[in-house]
Amino acid sequence: MEAAVEHTHWFQIAVLLVVHALSWFVVVHALLHKHDPRAALGWIAAVLFLPLIGALLYFSIGINRANSRAAKLMAYAAEVAGKHRRRLGDSDAQSATFPQLSLHSEDLPTRFFLASVGEKVTGRKLAGGNALTPLFNGEEAYPAMLDAIRNASAEVFLSSYIFNDGVAGKAFVAELAKAAQRGIDVRVLVDGIGSLYSLRAPWRNLRRKGIRVARFLPPRITPWHLSINLRNHRKILVCDANVGFTGGMNISDNHLVELPASHRVRDVHFACKGPLVEQLRDAFLLDWGFVTGHYEQHRTNCQGEMGNCLCRIILEGPGTSTDQLHDILCAVITGAKRRVSLMTPYFLPTHELIGSLRATALRGVRVDVLLPATNNLPYMHWATRHLLPQLIQAGVHVRYQPGPFAHTKLLLIDDGYAQIGSANIDSRSLRLNFELNVEVFNTAFVRQMRTFFDEGFQAGKIVSCEELRKASLPVRLRDALFWLFSPYL
C-alpha cells in the first residue's frame with residue numbers, strides 16, 4: 001500500500017515538473033518568436049495562470065509546423081523576386097516609364113518615393129506595360145473569368161479563399177471541367193477553412209472529373225493540424241499568359257448583387273493583361289508548391305506590353321521577420337501630399353497605421369475612410385467603432401456606406417498611386433493570412449477608381465465623435481470589449 005502511495009506521489013511530482021517545463025518553454029518561445037507584444041503577453045499570461053491548458057493551446061494554435069513552412073514559402077517568394085529583379089538587370093523601369101504619365105513636375109519626387117518603398121520592401125521592381133480593367137460585382141467579374149477559362153489553350157490556375165456552391169460555383173465547375181477535357185493543365189487551390197463555407201463543396205466535383213485540386217492547410221486530426229490562422233486569402237485566376245484576375249472577390253452567389261437574396265456582397269475584381277500576369281502566375285505556383293511540395297521553374301511571360309500601368313505584386317504572409325504589406329501601407333500613407341482614400345470592409349488598423357493616418361491628416365492632407373454601414377461580421381463593426389474617435393479628432397473623414405455590404409479593398413494616394421487586392425486592414429490580413437495586393441501607378445486608373453470611391457463616399461453617412469459618444473453605456477462597453485480582442489479577430 002505504501003509503495004503504491006509513494007509511486008503515485010512521484011508520478012504527481014513528475015507531471016508537475018513536465019507541466020512546469022512546458023510552461024517555461026512557452027514563455028521563452030513566445031518572448032523570442034512573437035512579434036506583437038500583446039500576443040506574447042497574452043500567451044505568457046495564459047500559460048502562467050492555466051499552465052497545462054495554456055501550453056496545450058499554444059502548441060495547438062500558437063506554434064505549429066505551418067509557421068516554419070510559411071517561412072520557407074516567403075523565403076522562396078523573396079528568391080523568385082530576386083531572380084525577377086536580376087533578369088531586369090540594371091535598367092530603371094521607373095525612371096523610364098514615369099515621364100509617360102504626363103505628371104506635373106512637383107509630383108515626380110512623390111511618385112519616386114512611393115515606388116522606391118515597394119521595391120525596397122519586396123525586392124521587386126515595377127513592371128510596365130500592364131492594362132487593368134475593374135469588374136464590378138459578380139455580374140461583370142464572373143462572365144469575364146469564365147470567358148478567359150473558355151478561351152485558354154494551355155493553363156488555367158485558380159485560387160480562391162471561398163468556392164461556394166450555387167449558380168456561380170456550378171458555372172465555374174462546368175468551364176473548368178471542359179478546359180480539362182481539352183487537355184489543358186487545370187489546377188484549383190482552395191483554402192482549408194474557406195472551403196468549409198459550402199456544405200456541398202463544388203470543388204470536390206472537380207476531383208471526380210480528374211482536375212488537380214489542393215487544399216491550403218486544411219484542419220486535420222491525424223496528423224494533428226488545427227490552424228485557424230495561416231489562411232490563404234489570395235484570389236488569383238491565370239489563363240495562359242494572356243489574362244489574369246485578382247482582387248477581393250470569392251466565387252460565391254453573394255457577389256451576384258442583382259439576385260434577390262440576402263447577404264449580398266459588393267466588390268471589385270480586376271482583369272489584368274501584360275507582365276503582371278507573370279507575377280500572378282508565380283504567386284499561384286508558390287502557393288501550389290507550398291501545399292503539394294512541388295515547386296515549378298519560373299517562366300518568363302511571353303506577353304508584351306498591353307497598357308501603360310506600372311504594377312508590382314506584394315506577397316504578404318507569416319513566417320517572416322517583417323510585415324511587408326503593413327510597412328508599405330504605413331509608408332505610402334505617410335508620403336501622401338494631397339489625398340488618401342481608403343476603402344475596406346474590416347478596419348482594425350494597428351497602432352502604427354493609426355499613427356500614419358492621424359499624422360497625415362494633421363499635416364493637412366485629406367484623408368477619407370469609407371466603411372460598410374452594416375457588416376457581415378458585426379463584432380468587427382463594434383470593435384471599429386471604439387477606435388474611430390482618435391482618427392476623427394485628428395481630421396480623418398469617416399463615412400459609412402449603405403448596403404449591400406461592401407467587400408472592396410482599395411487605397412488611393414494622390415493622383416497616381418493605387419493599391420488593390422485581397423488584404424483587409426486588420427491584424428488577420430496584415431500579420432496572419434497569406435495575402436496578395438497589387439501596387440498600380442497610373443493616373444487614368446487612379447482617376448477611374450477615385451470616381452468609384454467618391455460615389456460611395458458621397459452616398460455614405462458621416463460618422464462623428466458626437467454620434468459615437470451619444471451611444472449608451474452598454475453599447476460603448478460592448479464596442480470596447482471587442483476592440484480589446486481586435487488583435488485576435
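Asp147, Arg150, Glu175 and Lys178 are linked in a network of salt bridges, a salt bridge being a side-chain nitrogen of Lys or Arg within 4 Å of a carboxyl oxygen of Asp or Glu. The structure holds 20 salt bridges and zero disulfides. This is a predicted model, in which local features need pLDDT of at least 70 and side-chain atom pairs count only at pLDDT 80 or more, while totals for chains, interfaces and linings use all residues. Residues are numbered from 1 along each chain as its sequence is written, and side-chain values use heavy atoms, with hydrogens and water left out.

**Salt bridges**

- Side chains of opposite charge can pair when their charged atoms come close.
- Arg431 forms a salt bridge with Asp323, and the closest N and O atoms are 3.3 Å apart.
- Arg431 lies in helix H14 (residues 427-432) and Asp323 in the loop between strand S9 (309-316) and helix H11 (324-334), so this pair ties together parts that are 108 residues apart in sequence. Helices (H or I, at least four residues) and strands (E, at least two) are DSSP runs, numbered from the N terminus.
- Arg431 counts as partly exposed at 23% relative accessibility, whereas Asp323 counts as buried at 18%. Buried means under 20% relative accessible area, exposed over 50%, and partly exposed in between (1.4 Å probe, protein chains only).
- Lys125 pairs with Glu119 in a salt bridge whose closest N and O atoms are 3.5 Å apart, and both Lys125 and Glu119 are buried.
- A further salt bridge joins the side chains of Lys470 and Glu466, at 3.3 Å from N to O. Lys470 counts as exposed, with 63% relative accessibility.

**Surface patches**

- Arg204, Arg207, Arg208 and Lys209 gather in a patch of positive charge on the surface. Patches are made of residues with over 30% relative accessible area and no salt bridge, with like charges joined within 9 Å and nonpolar side chains (Val, Leu, Ile, Met, Phe, Trp, Tyr) within 5 Å.
- For charges, Lys and Arg count as positive and Asp and Glu as negative, while His and the chain ends are not counted. The place of a charge is taken as NZ of Lys, CZ of Arg, CG of Asp or CD of Glu.
- Arg204 lies in helix H9 (residues 203-208) and is partly exposed, at 38% relative accessibility.
- A nonpolar patch on the surface is formed by Leu48, Phe49, Leu50, Ile53 and Leu57, which together have about 550 Å² of accessible area. Accessible areas come from the Shrake-Rupley method with a 1.4 Å probe, and for residues only the protein chains shown count as cover.
- Helix H2 (37-49) and helix H3 (51-62) each supply at least two residues of the nonpolar patch.
- Phe49 is part of helix H2 and is exposed, with a relative accessible area of 70%.

**Cysteines**

- A search of the whole structure finds zero disulfides, a disulfide being a pair of cysteine sulfur atoms within 2.5 Å.
- The cysteine sulfur closest to that of Cys309 is in Cys311, 5.3 Å away, which is too far for a bond.
- Cys309 is buried, with a relative accessible area of 5%; Cys465 is also buried, at 11%.

**Backbone features in loops**

- The peptide bond from Gly403 to Pro404 is cis, with omega near 5°. Pro404 sits in the loop between strand S12 (397-401) and strand S13 (405-406).
- Leu217 is not a glycine but has a positive phi, near 50°. The loop between strand S4 (212-216) and strand S5 (236-239) holds Leu217, which counts as buried at 6% relative accessibility.
- Asp240 likewise has a positive phi, of about 55°, although it is not a glycine. Asp240 is placed in the loop between S5 and strand S6 (243-247) and is buried, with a relative accessible area of 7%.

**Pairs distant in sequence**

- Leu430 lies in helix H14 and is buried, with a relative accessible area of 1%. Leu430 and Leu325 are 105 residues apart in sequence, and their C-alpha atoms are 6.6 Å apart in space.
- Leu477, in helix H17 (residues 473-484), counts as exposed at 53% relative accessibility. The C-alpha atoms of Leu477 and Trp382 are separated by 9.9 Å, with the two residues 95 apart along the chain.
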